[in-house]
Amino acid sequence: QLYSCLSESHINGETFRVTSLRSVTQLVESALERGAKTIVAVGSDATMHDVINAARGRDITLGYIPLLKSEVADILGIADIESAARIIASRRIAVLDLGLVNNFAFLTKISFGLAEAKTGWASLAAIRDLFATPSFELKFSSAGSFSAASKVIGGTIVNGTHSEHSSNITNPTDGLLDVILLPSLSKYQIVKHRKNILEGCYEKVPGSSLVHSEKIEILAPEALPLRVGNRVVAKTPATIEVISKALRMIVG
């Protein structure tokens, strides 16, 4: 299907596969050495983030063809393989912000504490997991302007996210990170708002805190895993900041 769609959109170019002997970083370096001006990642959001980190700071335009359900594709306005091919062919470029945590660049968001749902939001297992989620005290400072502590069960630090979220935290071109903290909740509140909690839409849960900042330092607790998707990319203490207009991408 992929090759057929690329052919229909008159897209030509060399194709390389990641193997045990050829990593994403090696393939990107090889493409840059040969003078490539555009690199298209094909695969998952993890693949796209690997390409972003390998190409960061270079004079290159990136594209994306998702093969799985994808938050990055939602941000970029890509519905499926067919639409991705048409978008790459039309070559509309946007310059996007990147988030940076301990030198790992991300386009989407950092999550910590409560994990997003692996089962349906209405399932009894998902609700039981929510009831059992422990709270912890999060200590953080924002761009050196203030520091605070909050008892939470989870949170996200958003650079960009998809349009189902509220409009004030969707924009990966505003030069800001959006920090959403989910407080401890009663069992009634958990049941009532379980759909938004399990889908990671914490800003829709009453009592959540929202902070906008260019830079956030998470000071405690120590060794708290910070995830991009399902991948742990850093542990606390950590500094998360935004790099404005750092990524040139083909978008829908």
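Glu82 and Arg86 both sit in helix H5 (residues 81-90), where they are 4 residues apart, about one turn of the helix. Helices (H or I, at least four residues) and strands (E, at least two) are DSSP runs that are numbered from the N terminus. An α-helix has 3.6 residues a turn, so residues three or four places apart point the same way. Glu82 forms a salt bridge with Arg86, with 3.4 Å between the closest N and O atoms; a salt bridge here is a side-chain nitrogen of Lys or Arg within 4 Å of a carboxyl oxygen of Asp or Glu.

This is a predicted model, in which local features need pLDDT of at least 70 and side-chain atom pairs count only at pLDDT 80 or more, while totals for chains, interfaces and linings use all residues. Residues are numbered from 1 along each chain as its sequence is written, and side-chain values use heavy atoms, with hydrogens and water left out.

The predictor's confidence in each residue is given by pLDDT, from 0 to 100. The mean pLDDT of the chain is 90, and 93% of its residues reach 70 or more. Among the elements of the chain, E2 has the highest mean pLDDT (98), whereas helix H6 (residues 124-131) has the lowest (82). Where pLDDT is low, the predicted coordinates should not be read in detail.

**Salt bridges**

By the rule stated above, the count comes to 7 salt bridges.

| Arg58 | Glu29 | 2.5 Å |

Arg58 forms its salt bridge with Glu29; Arg58 lies in the loop between H3 and E2 and Glu29 in helix H2, so the pair ties together parts that are 29 residues apart in sequence.

Asp59 is exposed because its relative accessible area is 52%, whereas Arg248 is partly exposed at 30%. Arg58 is partly exposed with 37%, and Glu29 is partly exposed with 27%.

In helix H2 (residues 24-33), the residues Val24, Leu27, Val28, Ala31 and Leu32 are buried. They cover an arc of only 135° around the axis, which puts them on the same side of H2; the arc is that of the directions from the helix axis to the C-beta atoms. These buried residues of H2 pack against strand E1 (38-43) and helix H3 (45-55), where contact means heavy atoms within 4.5 Å. Just after H2, Gly35 takes a positive phi of about 85°.

**A buried histidine**

His193 has its place in the loop between helix H7 (187-192) and helix H8 (194-198). With a relative accessible area of 15%, His193 is buried. Leaving aside its neighbours within four places in sequence, His193 is in contact with Val205 and Pro206.

**Backbone features**

Most residues other than glycine have a negative phi, and most peptide bonds are trans. His10, in the loop between helix H1 (2-8) and H2, has a phi near 60°, a positive value in a residue other than glycine. His10 is exposed, with a relative accessible area of 70%. Lys245, which is found in strand E13, has a positive phi of about 50° although it is not a glycine; Lys245 is partly exposed at 46%.

Two peptide bonds are also to be noted. The bond from Ala220 to Pro221 is cis, with omega near 0°, and Pro221 lies in the loop between strand E10 (215-220) and strand E11 (225-228). The bond from Thr236 to Pro237 is likewise cis, with omega near 0°, and Pro237 lies in the loop between strand E12 (231-235) and E13.

How values were computed
Buried < 20%, exposed > 50% of the residue type's maximum accessible area, 1.4 Å probe, protein only.
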